[in-house]
Amino acid sequence: MNTCEADGEAEALVRRFSASCEQLELYPWIQQSALATYRRFDAAGGLSTSEGEVQEWLCCAVYSELQRVKIRDIRRESQNATTKGNEPLAKNNCWNLSLTRLLRGFKVNVSQFLRRMEHWNWLAQNENTFQLEVEDLRRRLGITLTLLRHYKNIFKCIFVRPAEDADPDSLALYHSLYEFGWLLFLVIRNELPGFATTNLVNGCQVLVCSMDLLFVNALEMPLSEVIRRDFAGVPKKWASKDFDASVLNKYSALKALGALIPELPLKGVQQMKNAFFHKALMLLFMEQSLVGDDTHMREVIKEGMLDINLGTLNRKYSGHVADISEMDERVLLCFNEAKERKKVSHNASLPAYQSSSSSPLYKKLLAQDLPQCLSAVIRKALHKGENGENVVQYIEQTVKKMDQTFAAAAKNYLNAEAAGARFRLARGLYSKFLVKIVASELALKPQLKISQLLRQRTLITTLLACCLELALHVHDEQVDGLRFPFVLDCYSLDAYDFQKILELVVRHDQGFLGRELVKHLHVLEDKCLESLIFRKSSQLWWNLGKGLPSYQEVQSVADGKENTSPGAGICLRKFYGLANRRLLLLCQSLCLVDSFPRIWHLAEHSFTMEGGRLLRNRHMDQLLLCAIHLHVRLESLRLSFSMIIQHYRRQPNAQRSVYREVDLGNGQTADVIRFYNSVYVRSMGHYGRHLDCEQSRKSPQQPKTCLGILQETSANERHMLANISISSPPPPKICQSGSCSSLPPQSPAASPLPTSNKPGLKRASSSGDLSDVKRPNILRRRTCFE
């Protein structure tokens, strides 16, 4: 090989390595040290150098560096703990990265990685601790794979998979139960002493107890199609309509489930349940990682609780595996299923990432013969009025133009055939929902002219864009360029207008789309409410006029007491509800629930001050993080901004851009700490320092009504663009005291705060601290190293 070829290969190696490290957000000094070690060993002739093997060796190099930093940090922490009066040492959180994510980043198989690490430890002459970690990983992985086989066998014995042409909701329920059962077992096992993870027999006992909890809770859904009726653990008369559901409160199928692992003594399972499992389960209920009836350990699945508990348990487990010594064992469940769903490329000349496949959940939807033209019912109604044919031509021309626009915008990701298939599905869904929406509106308003309704360009474009987003989701597009808000940018649509159509589609769905697609629409609504409606060009600012109202003012708007756009009022009521839920979850994670009323006032004021200036072109979560940190500074709590961000990263809605890319104005962006120091505290400091919240002054014995749900109100029908009806959401949980107040600033301008002479308020630490504190509550198997 000549010198030029060697240099070229070296450059390609560095590029691939840097791309993998960037994806994993590794520190530059970790990258440099790992690459230098690899080159040293390679130069000595100790490594094989085929392309796949190079990736494996580089993965070993990075793993060793992260383990080295972890061992150093834990030793320092142990030494510091023995020295009285010392402040805790700052720790590097570079090793708060699961081994599974590292292997994915370098595309390395875990078995091959474990083999390579043995050789790497010998070459590097690493201390014995490194090899013990590898052996521990191999042992735990073997135990977990055995437990997974038992889990799959038990699940098939107690649940039955609905046919592919069955009700989509039943199929979705089956898949969710499959995921939830394994996750529940993993989380509870991590709450138990170490023997539960290192001993196969104890692991089987925990698994049977977890499956008993899953199965009995699934029985609370009467006549569910997914329950296997011939399983011995099904209660008598369960399938009959006169079954007494209260029997399930004390019911257990432990004996029948234990029999599915014949070599496992039932007595040991019962002892595990009474001595350890029950206590671990109670802890999950107490910290609200599980939500339901904590008296009988029930109601964790029925009536929508399954999705909630999937989210909370996933957040908890993600916190546990944020450690280079931990495998994310959730992925083992879907490994075989993922292999069966390999994607087929539509065109070999296009990039591989254009390949996509529709989920089995949507086969029933895709099999339907959806209309590709305007409904005959609508055509007939239009021809009865004036200019009916013109309206038909207008709609068809609009749809045709949108088809062409989508094909052009997606040409780098999809070929013409693939793009056409997605738009045909979108057009079919659009035609279906247009009939439902028009029929509903005409029934509500007999005096309304159908031609007047269908000439509204916003209705036509937002509905078709919504259906196109559903079509892209059905085909499981994994390309960042096609993910939401692609459809908004493709058609230059305003998120404020788009979020209105989402509720209309959900309301008129009536089971047609299925639970998974409806859930996706709710996710889209959250994305609009959290940031997209607050873009500087958003129609919302024009509708608000004077500025963003407080929640109490929004409630008056929704009830028709204020002369403000009802649509804007309902949108903002949803916004406040979303902000409330996210802030409450963060406060629970940070153990700040008692301070929630005060932090809520800080957040609400940051939304509304100066006409919503702080929200413009920013994200809701950015202001929530700053509100929490301002409260922490005012109360002199030992909680850094970095720790707040680490807890935020565990939330299901967390996005890296939220704390890394905050708008400072004039086209500049910075991280959230710099935004807090240079913008937020200057605007909010005076208000926070003089805030007097009655709820925060209540004694612990007094009821905290601020966290109670307000009285339910009936859904009020409102109008989108004077014609389309949308409903008002239920109110959020907020402090309802009317006496909460803050002194006004001394001047009309925002009150800048010097950082030296204001008691209780300090600047946040430097931006570098975003990555200087490790995630808390990491479960460590070793607390110190010799």
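Where is the place of Cys591? This note, which concerns a predicted model, takes up that question in its first point and then turns to other features of the chain.

1. **Cys591.** Cys591 is placed in the loop between H25 and helix H26, the latter spanning residues 596-612. With a relative accessible area of 70%, the residue is exposed. Its phi is positive, about 60 degrees, although Cys591 is not a glycine. Most residues other than glycine have a negative phi.

2. **Overall composition.** The chain contains 31 helices and four strands. It has 786 residues, of which 53% count as buried. Among contacts with a separation of 6 or more, 75% are made by residues 24 or more positions apart.

3. **Glu25 and Arg656.** Glu25 also has a positive phi of about 60 degrees without being a glycine. Its side chain meets that of Arg656 in a salt bridge, with an N to O distance of 2.9 Å. Glu25 lies in the loop between helix H1 (3-23) and helix H2 (28-43), while Arg656 belongs to helix H29 (residues 656-660); the pair therefore ties together parts that are 631 residues apart in sequence. Both partners are partly exposed: the relative accessible area is 37% for Glu25 and 40% for Arg656.

4. **Other salt bridges.** The whole structure holds 28 salt bridges. One of them joins Arg379 to Glu396, with the closest N and O atoms 2.5 Å apart. Because Arg379 lies in helix H15 (residues 376-384) and Glu396 in helix H16 (residues 388-409), this pair ties together parts that are 17 residues apart in sequence. Arg379 is partly exposed at 24% relative accessibility, and Glu396 is partly exposed at 30%. Elsewhere, salt bridges link Asp136, Arg139, Arg140 and Glu326 in a network.

5. **A buried salt bridge.** Asp621 and Arg582 form a salt bridge in which the closest N and O atoms are 3.1 Å apart. Asp621 is in helix H27 (residues 620-634) and Arg582 is in helix H25, so the bridge ties together parts that are 39 residues apart in sequence. Asp621 is buried, with a relative accessible area of 2%. Arg582 is likewise buried, at 9%.

6. **Aromatic pairs.** There are 30 aromatic pairs. Among them is that of Tyr551 and Tyr576: the ring centres are 5.9 Å apart and the planes stand at 80 degrees, so the arrangement is edge-to-face. Tyr551 is in helix H24 (residues 551-558) and Tyr576 in helix H25 (residues 566-589), and the pair links distant parts of the chain, 25 residues apart. Tyr551 is buried at 0% relative accessibility, and Tyr576 is buried with a relative accessible area of 0%.

7. **Charges over rings.** Two arginines are of note here. Arg616 lies over the face of Trp541, 4.0 Å from the ring centre. The charged end of Arg455 sits over the ring of Tyr394, at 5.8 Å from its centre.

8. **Cysteines.** How many disulfides does a search of the whole structure find? The count is zero. Cys21 is in no disulfide, and the nearest cysteine sulfur, belonging to Cys59, is 9.8 Å away. Cys21 is buried, with a relative accessible area of 0%. For Cys466, the closest cysteine sulfur is that of Cys467 at 5.4 Å, which is too far for a bond, because a disulfide requires the sulfur atoms to be within 2.5 Å. Cys466 is buried at 0% relative accessibility.

9. **A cis peptide bond.** The bond from Phe484 to Pro485 is cis, with omega near 15 degrees. Most peptide bonds are trans. Pro485 is found in the loop between helix H19 (457-474) and helix H20 (486-491).

Conventions: Residues are numbered from 1 along each chain as its sequence is written. Side-chain values use heavy atoms; hydrogens and water are left out. Helices (H or I, at least four residues) and strands (E, at least two) are DSSP runs, numbered from the N terminus. Buried means under 20% relative accessible area, exposed over 50%, partly exposed in between (1.4 Å probe, protein chains only). Contact means heavy atoms within 4.5 Å. Rings of Phe, Tyr and Trp (its six-membered ring) pair if their centres lie within 6.5 Å; planes under 30 degrees apart count as stacked, over 60 as edge-to-face and the rest as tilted. A charge sits over a ring if NZ of Lys or CZ of Arg is within 6 Å of the ring centre and within 35 degrees of the ring normal. A salt bridge is a side-chain nitrogen of Lys or Arg within 4 Å of a carboxyl oxygen of Asp or Glu.
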